[in-house]
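This report covers helix packing and aromatic contacts in one structure. The sequence and structure are shown first.

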Amino acid sequence: MRSLKEKRIILAITGSIAAYKAAFLTRLLIKSGAEVRVIMTPGSTRFIAPLTLSTLSKHKVFTEVIGEESWNNHVEMGLWADAMIVAPATANSIGKLANGLCDTIVAAVYLSARCPVFLAPAMDVDMWKHPAVQNNLSKLVAAGNRIVPVGRGELASGLVGEGRMAEPEEIVAFLAKFFAADQDLRNKKIVITAGPTHEPIDPVRFVGNRSSGKMGIAIAEAAHRRGAEVKLVLGPTSMDTDLVPVFKVRTAQEMFEETIRHFVDCDVAILAAAVADYRPEHVSNQKIKKKSNTLRLDLIKNPDIAAELGTRKKGEQVTIGFALETNDEEENAFGKLQKKNFDFIVLNSLKEEGAGFAHDTNKITILGKDGSKKSYPLKPKTEVAEDILDALVALQI
Ligand code: C5P
């Protein structure tokens, strides 16, 4: 299948041992129908020869930002391409691109590029996990770039873990999916809440719930792939995503403020978080000692983010909610739909084995404000996310 037919792609190679895979990647891109131009940092030329890449791509390879022919080429190249893929992307290059430094042809073309930019990171597991690298990646994602997820396995250092560059086949598939995907949410701005909230009792304890945030994160990633500009407001969970900007919060109050702030210039809010309905009225400054046999906690109501957005929404703004019910499911969910002024509500079935909190699968029914009802079979949360977004697109906003 010529899935990248006539796509103009810049392959930018930086200095990692994974650079040897760039030859296969070039061949695969061309085989998929793409026209490829290769640029390389000087460091990468120690891992693979420019001659290999110029032979495979049938075009001159540029390795210097200032050279007899390459001066000004970076601007032309940046405008020429339909996509730029930095593969492998080293910690060093990621740092430079994230911070706008410009001492290589790769950085110069990146800064001049108007096309979508993809990065396939490659590094050792400890470098990959380092907050400095992760912060730089978050910056690149926040600037609209797309990360091809790293693989797990044995690394060149002999260590085992995350950080291995995606295989050339996976990178081509990632690009092909991007170009093939129905960009039916292009130009839509969506804020999504996900995960639990933790309501502090004292400096070490909290009231919370077992939400993992998986469903909301799956929706955020799917919406991003379908072209939306996504902001994810995420409660405390071990789950995370590199694909969209994440705003981490802890309490319902923090989630409330962050979500309201983003909703002002959003088209859609999807409220997938399991927000604690109540919080301890008094938070102890010191760790509470176990003196008495019983301990009484007075709880007060948290703000309802969804209800607040329901009253604030203007014009064509859409809000979508979730309901997790243990009895009279549909009746209760429909009540919430009306009370919180949702455009539709996604009812999670708790009765189904494999659905709900912490599972990778979910079984939903979508209830519309027009009284419509559609039930779906048990599916992976990634597919459920697509169903929910299909229902959003069907609203024709
Ligand atoms: O009333 P209930 O908590 O069952 O409503 C669930 C829906 O409302 C979910 O979409 C949830 O994210 C949202 N919600 C909220 N703020 C709250 C409570 C619930 O946004 N404080």
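## Helix 4 and helix 7

Ala-91, Ile-94, Gly-95, Leu-97, Ala-98 and Asn-99 of helix 4 touch Val-133, Asn-136, Leu-137, Lys-139 and Leu-140 of helix 7; contact means heavy atoms within 4.5 Å. By class, this contact of helix 4 with helix 7 has seven nonpolar, three polar and one charged residues. Ala, Val, Leu, Ile, Met, Phe, Trp, Tyr, Cys and Pro count as nonpolar, Asp, Glu, Lys and Arg as charged, and the others, Gly among them, as polar.

This is a predicted model, in which local features need pLDDT of at least 70 and side-chain atom pairs count only at pLDDT 80 or more, while totals for chains, interfaces and linings use all residues. Residues are numbered from 1 along each chain as its sequence is written, and side-chain values use heavy atoms, with hydrogens and water left out. Helices (H or I, at least four residues) and strands (E, at least two) are DSSP runs numbered from the N terminus.

The axes of helix 4 (residues 91-99) and helix 7 come within 9 Å and cross at roughly 45°. Axes are lines fitted to C-alpha atoms, for helices over the stretch in contact, and angles run from 0 to 180 degrees between N-to-C directions. Helix 4 and helix 7 are therefore oblique to each other; angles under 35 degrees count as roughly parallel, over 145 as roughly antiparallel, 65 to 115 as roughly perpendicular and the rest as oblique. The crossing of helix 4 with helix 7 is left-handed. A crossing is left-handed if the near helix is turned anticlockwise from the far one by less than a right angle, and right-handed if clockwise.

Ala-143 sits in the loop between helix 7 (131-142) and strand 5 (146-147). Its relative accessibility is 57%, so Ala-143 counts as exposed; exposed means over 50% relative accessible area, buried under 20% and partly exposed in between (1.4 Å probe, protein chains only). Ala-143 and Glu-35 are 108 residues apart along the chain, and their C-alpha atoms are separated by 26 Å.

## Helix 1 and helix 8

Helix 1 (residues 22-31) packs against helix 8 (residues 168-180) at an angle of about 40°, with the axes 9 Å apart. That angle makes helix 1 oblique to helix 8. The crossing is right-handed. Phe-24, Leu-25, Leu-28 and Leu-29 of helix 1 meet Pro-168, Glu-169, Ile-171, Val-172 and Leu-175 of helix 8. This contact of helix 1 with helix 8 has eight nonpolar, no polar and one charged residues.

## Aromatic pairs

The structure holds three aromatic pairs. Rings of Phe, Tyr and Trp (its six-membered ring) pair if their centres lie within 6.5 Å; planes under 30 degrees apart count as stacked, over 60 as edge-to-face and the rest as tilted. Phe-118 and Phe-178 form an edge-to-face pair, 5.2 Å centre to centre with 80° between the planes. Phe-118 lies in strand 4 (residues 117-121) and Phe-178 in helix 8, so the pair ties together parts that are 60 residues apart in sequence.

Phe-178 also pairs edge-to-face with Phe-179, because the ring centres are 5.3 Å apart and the planes are at 80°. Phe-118, at 0% relative accessibility, counts as buried, as does Phe-178 at 12%. Phe-179, at 24%, counts as partly exposed. Ring pairs link Phe-118, Phe-174, Phe-178 and Phe-179 into a cluster.
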